[in-house]
Amino acid sequence: MPASTNNSTDDLDTPLLARVACGDRGALATLYLNYHRRLSRFLSRFTRRYENVEEILNDTFLVVWQSARDFRHASRVSTWIMGIAYRTALKSLRRDQRHGRTLPLDALPEPSCDPTQDADTEDWIEQGLLQLSLEHRLTLELAYHFGHSMEEIAAITAVPVGTVKARMFHAREKLRRRLPALSGESVQQE
Amino acid sequence: MNESPGHDDLEHTAMNELIPWYVNGTLDDSARRRFDRHLPTCPRCRADLSLDRAVHARMAAQPAVEFMPVASLKRLNAKLDELQSAAAHHPEVPPAVPPRGRPATAQGLPLSRLAVAASIALLAVALGVVMVDRMAGHGDLTPATYHTVTTARTKPPQETIRAVFAPDMTLVELQSLLDDAQLKIVGGPTEAGVYSLAPASRLAPASTLATASSLEILRRHAGVRFAESTSP
């Protein structure tokens, strides 16, 4: 089974979070600096408005500050914080979409060229990823790029593991249908 | 080996689900060996593996967005100050973080203690900024109040340069500078704002000449407070 993300910092995060729960702003600052780079990379995956990334990141840590006492140790600190960031980001993006500040994902135009004739595979993958729903794309990002296990993704996105499996399956299936030329050997050669 | 078709399908499904973690190298040894045994027998998984490797590579190739954490942290602290000030001046508003063991009401929080705690926190952040300035030309890390992975000086394996950037440096400026110097960020920032940098291209060896050239580019830039080589 997939190994959990290497969370060697978790042993250090837990006492930090405990101090945050006691109102220690210095501990919050340390936790913030520890997570800033990772979270800003994660958040920049699904919002192209860079000014939003900092806003979402800071909103995330406001929630961390206010909710540290409620942390139950049922998950890792990192998973808990990523989950807060994920939900904060979704809320922000949906609010922006309601106010017309961002394009809905399905407003992106379909590519007009045959993918088998287009040599720029990366662009086709990028287009394929952008055609996925936000939840599907983020699930793939959390798995492929950030290396989270299905259980961790379930905790971050607050859905059952079965839902994560279904999202992974449907997202990969959609990419396969869109990018058949990248699938390598044909199944018919079996 | 005679396997029932149902068994093959189940095995394929189970193995196919593992492909994302196989391509990013996080699969545990047992699962990886099982997948390696399965792969030669399953054209469908071989086909999917090719696509999934391309997807993983595309995700990894997306430009990294590097933000300046110190400036962002200042804004967070300003927001927290607002909340605590509001709690202090409007007792009907619950405080941001009631201390443990006390009633969760504003009346349970001595204003003086809140003010002192907020001042200490602000002073800690301010001291961090001051120490970043002092580091220019010295190269010592300020001992941190808390022991974290960023303060235990474990040098990233590819690191050739350490640098500190001005807190008001914009993202576009930073990315442009890194491109000019042919560097990428491989670690940091530490609590003192120190970044670990390495050659941007894995194909280019980290030569003394290349490091010196990159250092010169960094030191010429007004937004670089400190830069030093960590190569032997």
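This note sets out numbered points on a predicted model with chains A and B.

1. Basis of the model. Residues are numbered from 1 along each chain as its sequence is written, and chains are lettered from A and ligands numbered from 1 in the order in which they are written. Because this is a predicted model, local features need pLDDT of at least 70 and side-chain atom pairs count only at pLDDT 80 or more, while totals for chains, interfaces and linings use all residues; side-chain values use heavy atoms, with hydrogens and water left out.

2. Chain A in outline. Chain A has eight helices and zero strands; helices (H or I, at least four residues) and strands (E, at least two) are DSSP runs, numbered from the N terminus. Read from the N terminus, its elements are α-α-α-α-α-α-α-α. Of its 190 residues, 52% count as buried, where buried means under 20% relative accessible area, exposed over 50%, and partly exposed in between (1.4 Å probe, protein chains only). Among the contacts in chain A with a separation of 6 or more, 69% are between residues 24 or more positions apart; a contact requires heavy atoms within 4.5 Å.

3. Chain B in outline. Chain B contains eight helices and four strands. Their order from the N terminus is α-α-α-α-α-α-β-α-β-β-α-β. The chain has 232 residues, of which 43% count as buried. Of its contacts with a separation of 6 or more, 62% come from residues 24 or more positions apart.

4. Helices α6 and α7 of chain A. Two packed helices are described by the angle between their axes and the distance between the axes. Helix α6 (residues 134–145) and helix α7 (residues 150–157) of chain A pack at about 140°, with axes 10 Å apart. Axes are lines fitted to C-alpha atoms, for helices over the stretch in contact, and angles run from 0 to 180 degrees between N-to-C directions. The two helices are therefore oblique to each other; angles under 35 degrees count as roughly parallel, over 145 as roughly antiparallel, 65 to 115 as roughly perpendicular and the rest as oblique. On the α6(A) side, the contact involves A:Thr139, A:Leu142 and A:Ala143, which meet A:Ile153, A:Ile156 and A:Thr157 of α7(A). The residues of this contact comprise four nonpolar, two polar and no charged. In this classification Ala, Val, Leu, Ile, Met, Phe, Trp, Tyr, Cys and Pro count as nonpolar, Asp, Glu, Lys and Arg as charged, and the others, Gly among them, as polar.

5. Burial of α7(A) and the residue after it. Helix α7(A) is mostly covered, with six of its eight residues buried. These are A:Met150, A:Glu152, A:Ile153, A:Ala154, A:Ile156 and A:Thr157. A:Ala158 follows the helix and lies in the loop between α7 and α8 (161–178) of chain A. Its phi is positive, about 55°, although A:Ala158 is not a glycine. A:Ala158 is exposed, with a relative accessible area of 54%.

6. Which residue lies in the loop between α7 (171–181) and β2 (183–187) of chain B? The residue is B:Gln182. B:Gln182 has a positive phi of about 55° although it is not a glycine, and at 57% relative accessibility it counts as exposed.

7. A contact between the chains. Helix α8(A) and helix α4 (residues 43–61) of chain B pack at an angle of about 100°, with their axes 11 Å apart. They are therefore roughly perpendicular to each other. A:Arg172, A:Leu175 and A:Arg176 of α8(A) make the contact with B:Asp48, B:Leu51, B:Asp52 and B:Val55 of α4(B). These residues divide into three nonpolar, no polar and four charged.

8. Buried residues in helices. A:Val53 belongs to helix α3 (residues 50–67) of chain A and, at 1% relative accessibility, counts as buried. Its C-alpha atom is separated by 5.9 Å from that of A:Leu43, ten residues apart along the chain. In chain B, B:His12 is found in helix α1 (residues 5–16) and is buried, with a relative accessible area of 11%. Leaving aside neighbours within four places in sequence, B:His12 is in contact with B:His38, B:Cys42, B:Arg44 and B:Cys45.

9. One side of α3(B). Which residues of helix α3 (residues 29–38) of chain B are buried? They are B:Ala31, B:Phe35 and B:His38. These residues cover an arc of only 60° around the axis, which puts them on the same side of α3(B); the arc is that of the directions from the helix axis to the C-beta atoms. An α-helix has 3.6 residues a turn, so residues three or four places apart point the same way.
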